[in-house]
2 protein chains.
Amino acid sequence: MPSIRAAIEACGLTDGATVSFHHHLRNGDDVLRAVMAEIAALGLRDIRIAPSSLFPVHAPLVDHIRSGVVTGISTAYMAGPVAEAVARGWLATPAVMQTHGGRARAIESGDLPIDVAFVAAPTADTYGNLNGVEGKSACGTLGYPMVDAKHARRVVAITDNLVSYPACPIDITQEDVDYVVAVDSIGDPRQIVSGSTRVTDKPDGLKIAATAARVIAASGLLKDGFSFQTGAGGVSLATAACLRDVMVERGIVGSFAAGGITGTIVEMFQAGLFRTLFNVQCFDLEAVESYRRDAAHQSMSASMYANPHNKGAVVNQLDAMVLGAAEIDLDFNVNVTLGAGGLIIGGSGGHSDTAAGAKLALVTTKLTAKSHPKIVDRVACITTPGETIDVVVTDEGVAVNPRRPDLRDRLLSEGLSVVTIGELREKAMRLTGEAVGTAPTERCGGTGRIVAVAEYRDGTVIDLVEAMPG
Amino acid sequence: MPSIRAAIEACGLTDGATVSFHHHLRNGDDVLRAVMAEIAALGLRDIRIAPSSLFPVHAPLVDHIRSGVVTGISTAYMAGPVAEAVARGWLATPAVMQTHGGRARAIESGDLPIDVAFVAAPTADTYGNLNGVEGKSACGTLGYPMVDAKHARRVVAITDNLVSYPACPIDITQEDVDYVVAVDSIGDPRQIVSGSTRVTDKPDGLKIAATAARVIAASGLLKDGFSFQTGAGGVSLATAACLRDVMVERGIVGSFAAGGITGTIVEMFQAGLFRTLFNVQCFDLEAVESYRRDAAHQSMSASMYANPHNKGAVVNQLDAMVLGAAEIDLDFNVNVTLGAGGLIIGGSGGHSDTAAGAKLALVTTKLTAKSHPKIVDRVACITTPGETIDVVVTDEGVAVNPRRPDLRDRLLSEGLSVVTIGELREKAMRLTGEAVGTAPTERCGGTGRIVAVAEYRDGTVIDLVEAMPG
């Protein structure tokens, strides 16, 4: 197709339709903006968007929300101006906040029917074969739109590297792609890899990481065949680095590491500490380069990664998962959705999926942040249910979920000291001066108007988000 | 699962169910026999089988047909004792003979719902990731069951090389596999590659091949970016070999070769004559080895290969396709389904799919065989409609379909002599002594009892097969 507009028209997009996007270009993505600008220019209204995630770069959506072009959002993660617009109640209908696996489930089951999936393609051939490893906007694997492309009524690939038929390698095949549009740029390559993907250098964080690695080592899981996932935060990466030392020391060869893949994990893989990688998304250019080059660095679709209703997701095979938290409560529920004042600061992504799947779901967090306790009586929003969290590692102690007395015993027998989550809570209160009996964080903003529905991975509603006050 | 029987029971297979198989192990496959023996032993009845193809090795099916365990067959190709049983009318319901692309279409659309797909897996890990490139029964790509696995209600992988999680590479993922069964052997590796996959050394065949290559060279398609497919028959391979010489001489680099891949095609690829290969099935061990090793030797599913109803099959991108024929008639209709006396000798496989997709669909055939004309008034069964055939190359002349006057002109201008299909017919009659006005081959056996329905790739009925006389 000669232009994005021509492709939209060819797809027969109408008012009320659902269009999907993916976030492998992260804060460098320009495809969502470009497509939505054309949709708005065409006079379409009441569009539901289903991006796998939303970043600050997607700020232009706010105007479309205000004007009624966009009236619905379904996504696994949102941060930045769009998240704020949703939290303020500007979107006409409550946003649906899914998990990465829940989104794949919803698409495959028909819960989330997509009229047109727009795929930002670093490379596309003239007949619709796509890959993410070549071209100036190379982002590595295309794990999220693999699912969209299989199930959307129409699929439009937008590329800034159109090659002659056939592309090689192929991550999304011509079977599933209706139209290909060549544009000058699908995004800003410098921003494609964004956010913190470096090991922390803060003493608190390093202390937490060292303890987390000790917990994993003591759990009984760290043996040949060990499998591991961690996020891209500084503490998570520091945990991986500590674990690397233990694995080298003990001569352990893991089976796989999974997830969004970072250079830290690639280094462990290339050092022979994992036989393979399962990669749904590259978090940095080292990961892109390794995915391009290393045959055992394998892609996985969002469904293969985390869908709870397929015949077996990779998260089900995870031994240890290192998770972050904005808040964690006395029932071990974790909030990574709402921040101070009821602002939406993210959402599950793969948090709930990996917590549910991993044998050891380990949350790392400082006990307090900016003079607020991070261990609370009741989280402002349940992103991940406490029954799927096994252990919390803070800079001031380790608490094991009472559902896992076996784990507590193992840690104690390996010389780790274990406290209760209540003890951590009390310590956090003492450190921040929060008095016992103070009103807990007001649930979900407390205005009574629902602005978002948090879905658990199986599609059940796990919490509601109310509009920010004021 | 500890055994095939346990897996069948776990799938909840009932009377009247449909089970599917694939034919990458060709005449060495032992999985269909083993599974059907268990199904029979369990007392199940009225089973419909949907193998991608049936070979002589599947003879034990005949007993199941006679006993009523198997009452329906849907397949793209059948040869050997089962084909004879069908032709004799022993199967309770007419067999459905599809094309490879039509089978994929039927599975994806729901026309052919599969209850349990049994996948013969040369390698499987403990959680259901499969590949065909490792293990003692390595057969290369798994293009056919990729479709079955995506759509069957239950999927059982049967392997003789169970590896620890995760397998690498992965051709069929854990997302789609319910059960894994380890057995001693999935087949006879020596028979996995079977049939004629050597260049012919017969003078007639070499003459046809040389002419076919000249026709392709004269067609205007043989330039950089050229794409090509041929079967594994001796004349087809000889045509490829002749074409190779022309490509080398002219310095032409093709875009891709596709199909069932043979060592002959691999050699052309490795010599740089094609940038990539699309492989739905390996026909010999050279192809298996290359698929394992060469990144640009890519797999394709049966749907990506040939499904007429997806968003773009590889056959649509083919320049030249070299096809065989048991008979071809005055309307250029081709029969590769019925042989002498009404015996079923094969079926379309990818014949109709590639003929429909390729810009130049070229049939090679001797003018006569065993004193029978191969150019006939009316084929005994239409496998591939004449409107999709462009040119017929025989040892006694070349005939161009009247629908392609442009092609006729091109051949003439390049110095090739062209006759009409009628002239070839007359010559064939003269050579065999068949008198003009003799009754044509009796259509479909002529007994009046329908034993098979030949479906065109889009699912429409293209011909009926009647029971063999006697």
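Predicted model: local features only at pLDDT ≥ 70, side-chain atom pairs only at ≥ 80, totals over all residues.
Arg378(B) is partly exposed, at 33% relative accessible area. Is Asp329(B) buried or exposed? Asp329(B) is buried, with a relative accessible area of 0%.

Stay in chain B and pick Arg33(B) with Asp30(B). Their closest N and O atoms are 2.6 Å apart, forming a salt bridge. Arg33(B) is partly exposed at 35%, and Asp30(B) is partly exposed at 24%.

Next, the sheet. Nine strands of chain B form an open, mixed sheet in the order β10-β8-β5-β1-β2-β3-β4-β25-β26. Zoom in on β1 (residues 18–21) and β5 (residues 116–121) of chain B: they run parallel, joined by 2 bridges. Ser20(B) stands opposite Ala117(B) in β5(B).

Move to chain A. Select Arg425(A) and Asp377(A), whose side chains form a salt bridge at 2.8 Å, N to O. Arg425(A) lies in helix α15 (residues 421–432) and Asp377(A) in the loop between β21 (375–376) and β22 (391–394) of chain A, so the pair ties together parts 48 residues apart in sequence. Arg425(A) is buried at 4%, while Asp377(A) is partly exposed at 33%.

Last stop: Glu289(A), Arg292(A), Arg293(A) and Asp294(A), linked in a salt-bridge network. Over all chains, the count comes to 43 salt bridges.

How values were computed: Residues numbered from 1 in each chain as written. Chains lettered and ligands numbered in written order. Heavy atoms only, no water. Pairing = 2+ DSSP bridges. Helix = DSSP H or I, 4+ residues; strand = E, 2+ residues; numbered from the N terminus. Salt bridge = Lys/Arg side-chain N within 4 Å of Asp/Glu carboxyl O. Buried < 20%, exposed > 50% of the residue type's maximum accessible area, 1.4 Å probe, protein only.
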